[in-house]
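The following questions and answers examine one protein model. Please view the sequence and the structure before reading on.

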Amino acid sequence: MISVGIIGASGYTGGELLRLLENHRDVEVVHATSRQYSGVPVSRVHPHLQDTDLKFQDMDPGRMDADVIFTATPHGASMKIVPEIIERGIRVVDLSGDYRFEDTGVYEEWYGMKHEHPLDAVYGLPEIHREKIRKAQLVANPGCFPTGAILACLPLVYEKIADTFIIDSKTGVSGAGVKPTSLTHYPECSDNVIPYNVTSHRHTPEIRQELSRINPVRLSFTPHLVPVTRGILTSAHTFLREDLESDELMEIFTGFYDGEPFVRVVDGIPRLSAVRGSNFCHIGCFEVDENQRAVIVSAIDNLVKGASGQAVQNMNIMCGLNEVEGLDFPGMHP
């Protein structure tokens, strides 16, 4: 049995970790921390988790005793606590952006803060780095936007069919976290579509970094907030370097992702409802116009494959467990 601790368990990603691990046959959650809710039963904050007897703890990370610790903490906070955990020989899956970049200068430029404690980490996208994840002590869980975007572009980059991408993503409001802002306040986001950080979103260099590991790319990214709770729908636009029909494009994706447990190549345009609550990424569309502009569409749940589900998938790989354990269920359409 793998013992697990969750630092920052009262937020949306913490709640998803608890939900997914509740029925994981090989895991016991021994610590769920929250300063704000110390001593409060988990079920009072996460009302869907009525069968757990866990209570939140305000615990120093240095006192946590577990095989794996998830740090579901804000950017800038993880770097202050992860090194101490790593020094104690505990494996860590960090859900913040603190350890996603090979070059800390890129992190400092895009996140606007100095990186105090750089460490070697493996970028936790199993579809690219599965073998490195197996041996890792620290896995940097990918951002939600990069997960959907990278998976939508990866086969084309690998096959050198395209090298320039315009990525447009629509995200649900839960991606902004529990604490409401002027942007996510219901009267502002309801019945609205809001582009933000139009040319300067900090997930841009993360997408570029991972695709450029395969082959160099040029890439632009724009996110939009839409009035849904969960999900990210990504449209990746690119001009193909060779003439291909839609069915040929779909065949390339089908072959590339053959055997991947959580990527499904679908006929038609993916739906957010089809992946809601699940760890699956659906990829489809594959339309090509007369200018050889191809459009690839992916759909993920931002809190699952885009965060906590992928974190559990990484933990499974790190611990030598069945990769799909605790995650092998479909979405919730409609």
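Q: How many helices and strands are there in the protein chain?
A: This is a predicted model, in which local features need pLDDT of at least 70, side-chain atom pairs count only at pLDDT 80 or more, and totals for chains, interfaces and linings use all residues. Residues are numbered from 1 along each chain as its sequence is written, and side-chain values use heavy atoms, without hydrogens and water. Helices (H or I, at least four residues) and strands (E, at least two) are DSSP runs, numbered from the N terminus. The protein chain has eleven helices and 13 strands.

Q: Is Leu 225 buried or exposed?
A: Leu 225 is found in strand β9 (residues 218–225). Buried means under 20% relative accessible area, exposed over 50%, and partly exposed in between (1.4 Å probe, protein chains only). Because its relative accessible area is 4%, Leu 225 is buried.

Q: Is Glu 245 buried or exposed?
A: Glu 245 lies in the loop between β10 (232–239) and α9 (246–256). Because its relative accessible area is 52%, Glu 245 is exposed.
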